[in-house]
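Please read the following report alongside the sequence and the three-dimensional model.

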Amino acid sequence: MSFIFFSFPDCTRAAEQLKNNPRHKSYLEQVSLRQLEKLFSFLRGYLSGQSLAETMEQIRRETTIDPEEDLNKLDDKELAKRKSIMDELFEKNQKKKDDPNFVYDIEVEFPQDDQLQSCGWDTESTDEF
């Protein structure tokens, strides 16, 4: 196992190689790529001398999205990673027809403030184009 770890310092690549290996493919079909990445992250932390708490905190930081982070400043690789995390969270929270709490047509009334703020771009204009 350490051969795979040291030959792929990037946990994503190591997880992909392990999952796509013909010898292991049938055993890992039900294991998500994200779970394998976390496993390799735990191994990397252990082998580098981190405590379990430190490794778990590092994995938490790497697998959560900061709503204040400017995604426009990320490189393509980091942006793809954030999008993957968001996709996984969406799939996890998505209600499907088979779910017991599924409601087909939800109507929500939004409270109206007494004072509506208007913007210049959204007001109707009598000017013809």
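## Salt bridges

A salt bridge is taken here as a side-chain nitrogen of Lys or Arg lying within 4 Å of a carboxyl oxygen of Asp or Glu. In this predicted model, a search of the whole structure finds six salt bridges. In one of them, the side chains of Arg-34 and Glu-37 meet with an N to O distance of 3.2 Å; both residues belong to helix α3, where they sit three residues apart, about one turn of the helix, and both are buried.

Helix α4 (residues 52–63) holds Glu-57 and Arg-60, again three residues apart, and their side chains form a salt bridge at 2.6 Å, N to O. Glu-57 counts as partly exposed because its relative accessibility is 32%, and Arg-60, at 41%, is likewise partly exposed. Glu-57 also forms a salt bridge with Arg-61, the closest N and O atoms being 3.8 Å apart, and these two residues of α4 are separated by four positions, about one turn of the helix. Elsewhere, salt bridges that share partners join Arg-34, Glu-37 and Glu-88 into one network.

## Fold and helix packing

The protein contains five helices and zero strands, and of its 129 residues 13% are buried. Helix α2 (residues 11–20) packs against helix α3 (residues 33–47) at an angle of about 120°, with the axes 8 Å apart; the two helices are therefore oblique to each other, and their crossing is right-handed.

## Nonpolar surface patch

Val-103, Ile-106, Val-108 and Phe-110 form a nonpolar surface patch whose accessible area together is about 450 Å². Phe-110 lies in the segment after α5 (76–93) and counts as exposed, because its relative accessibility is 64%.

How values were computed. Residues are numbered from 1 along each chain as its sequence is written. This is a predicted model: local features need pLDDT of at least 70, side-chain atom pairs count only at pLDDT 80 or more; totals for chains, interfaces and linings use all residues. Side-chain values use heavy atoms; hydrogens and water are left out. Patches are made of residues with over 30% relative accessible area and no salt bridge: like charges are joined within 9 Å, nonpolar side chains (Val, Leu, Ile, Met, Phe, Trp, Tyr) within 5 Å. Accessible areas come from the Shrake-Rupley method with a 1.4 Å probe; for residues, only the protein chains shown count as cover. Buried means under 20% relative accessible area, exposed over 50%, partly exposed in between (1.4 Å probe, protein chains only). Axes are lines fitted to C-alpha atoms, for helices over the stretch in contact, and angles run from 0 to 180 degrees between N-to-C directions. Angles under 35 degrees count as roughly parallel, over 145 as roughly antiparallel, 65 to 115 as roughly perpendicular and the rest as oblique. A crossing is left-handed if the near helix is turned anticlockwise from the far one by less than a right angle, and right-handed if clockwise.
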